[in-house]
Amino acid sequence: MRIVITGGSGFIGTNLINYLNKKKFKLLNIDKISYASTHEKFKILRKKRNYSFLKVDICNFNLLEKTLNKFKPSFIINLAANSHVDRSIVSPKDFFNENIVITQNVLEYLRRNKKIKLIHISTDEVFGDVVKGRSKETDSYNPSSPYAASKASSDHLVSSYIKTYKIPAIITNCS
């Protein structure tokens with residue numbers, strides 16, 4: 001099985017790739033490499049035949065399409081996002097530009113290639129502040145930061161493509 005992990009050089013992505021690597025999947029990590037990246041953790045994996053890394057800004061649809069067409073994935077796990085609440089408060093436009101455009105580009109590719117399945121990784125922050133207990137994926141969306149609002153927007157895009165274009169996709173809200 002061939003799996004693309006977008007944004008695979010962040011905290012969740014590095015752990016996911018290390019886990020999937022043990023399962024012997026063919027993996028492609030595409031990431032633009034930003035302040036939150038920890039791509040140096042993959043020095044050992046780069047020597048393995050089932051893992052490869054490409055520095056790609058997937059806000060550029062043409063680069064994304066070219067990369068995916070060449071790799072021919074069965075699955076895309078979309079982790080790519082501008083994250084960190086404090087940074088979103090300082091520069092909200094960057095979060096909306098990146099998080100929504102990234103998701104839109106992945107979805108547009110999938111609309112043309114419906115045999116590829118999507119796992120869209122979101123955040124529990126789309127549900128807002130939790131006073132008691134913890135949020136559930138059935139809770140109503142109530143984002144309380146620009147970061148959370150941008151992720152909620154990307155989740156709604158995924159849901160709309162599932163309904164409208166029958167894209168095979170799921171959304172999961174990590175915490």
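In strand S2, Asn-29 is the bridge partner of Ile-5. Strand S1 (residues 2–6) and S2 run parallel, joined by 5 bridges; two strands pair if DSSP finds at least two bridges between them. Helices (H or I, at least four residues) and strands (E, at least two) are DSSP runs, numbered from the N terminus.

This is a predicted model, in which local features need pLDDT of at least 70, side-chain atom pairs count only at pLDDT 80 or more, and totals for chains, interfaces and linings use all residues. Residues are numbered from 1 along each chain as its sequence is written, and side-chain values use heavy atoms, with hydrogens and water left out.

**Strand S2 and Asp-31**

- Of the 6 residues of S2, 5 are buried, so the strand is largely enclosed by the rest of the structure. Buried means under 20% relative accessible area, exposed over 50%, and partly exposed in between (1.4 Å probe, protein chains only).
- Asp-31 lies in S2 (residues 26–31).
- Asp-31 is buried yet has no salt bridge. The nearest side chain of opposite charge is Lys-32, 7.8 Å away. Lys and Arg count as positive, Asp and Glu as negative; His and the chain ends are not counted.
- The Asp-31 side chain reaches two backbone nitrogens: that of Ser-9 at 2.9 Å and that of Gly-8 at 3.5 Å.

- Ile-33 sits in the loop between S2 and strand S3 (51–55). Ile-33 is partly exposed, at 24% relative accessibility.
- Ile-33 and Leu-54 are 21 residues apart in sequence, and their C-alpha atoms are 9.8 Å apart in space.

**Salt bridges**

- Side chains of opposite charge can pair when their charged atoms come close.
- The structure holds 4 salt bridges. Each has a side-chain nitrogen of Lys or Arg within 4 Å of a carboxyl oxygen of Asp or Glu.
- Lys-32 pairs with Glu-98, with the closest N and O atoms 3.0 Å apart. Lys-32 lies in the loop between S2 and S3 and Glu-98 in helix H4 (residues 92–112), so this pair ties together parts that are 66 residues apart in sequence. Lys-32 is partly exposed at 29%, whereas Glu-98 is buried at 17%.
- Glu-108 pairs with Arg-111, with the closest N and O atoms 2.8 Å apart. Both lie in H4, 3 residues apart, about one turn of the helix. Glu-108 is buried at 14%; Arg-111 is partly exposed at 32%.
- Lys-136 and Asp-139 also meet in a salt bridge, at 3.9 Å from N to O. Asp-139 is partly exposed, at 27%.

**Aromatic rings**

- A search of the whole structure finds 3 aromatic pairs. Rings of Phe, Tyr and Trp (its six-membered ring) pair if their centres lie within 6.5 Å; planes under 30 degrees apart count as stacked, over 60 as edge-to-face and the rest as tilted.
- Phe-127 and Tyr-141 are edge-to-face, 5.4 Å centre to centre with 70° between the planes. Both lie in the loop between strand S5 (117–123) and helix H5 (146–165), so the pair ties together parts that are 14 residues apart in sequence. Phe-127 is buried at 7%, while Tyr-141 is partly exposed at 30%.
- Tyr-161 and Tyr-165 have ring centres 4.8 Å apart and planes at 50°, so this pair is tilted. Both lie in H5, 4 residues apart, about one turn of the helix.

**Charges over rings**

- Arg-111 lies over the face of Tyr-165, 5.0 Å from the ring centre.
- The charged end of Lys-117 sits over the ring of Phe-75, 5.8 Å from its centre. Such a charge is NZ of Lys or CZ of Arg, within 6 Å of the ring centre and within 35 degrees of the ring normal.

Note on methods
Polar contact = N/O pair within 3.5 Å; in protein donor to acceptor, adjacent residues only side chain to side chain.
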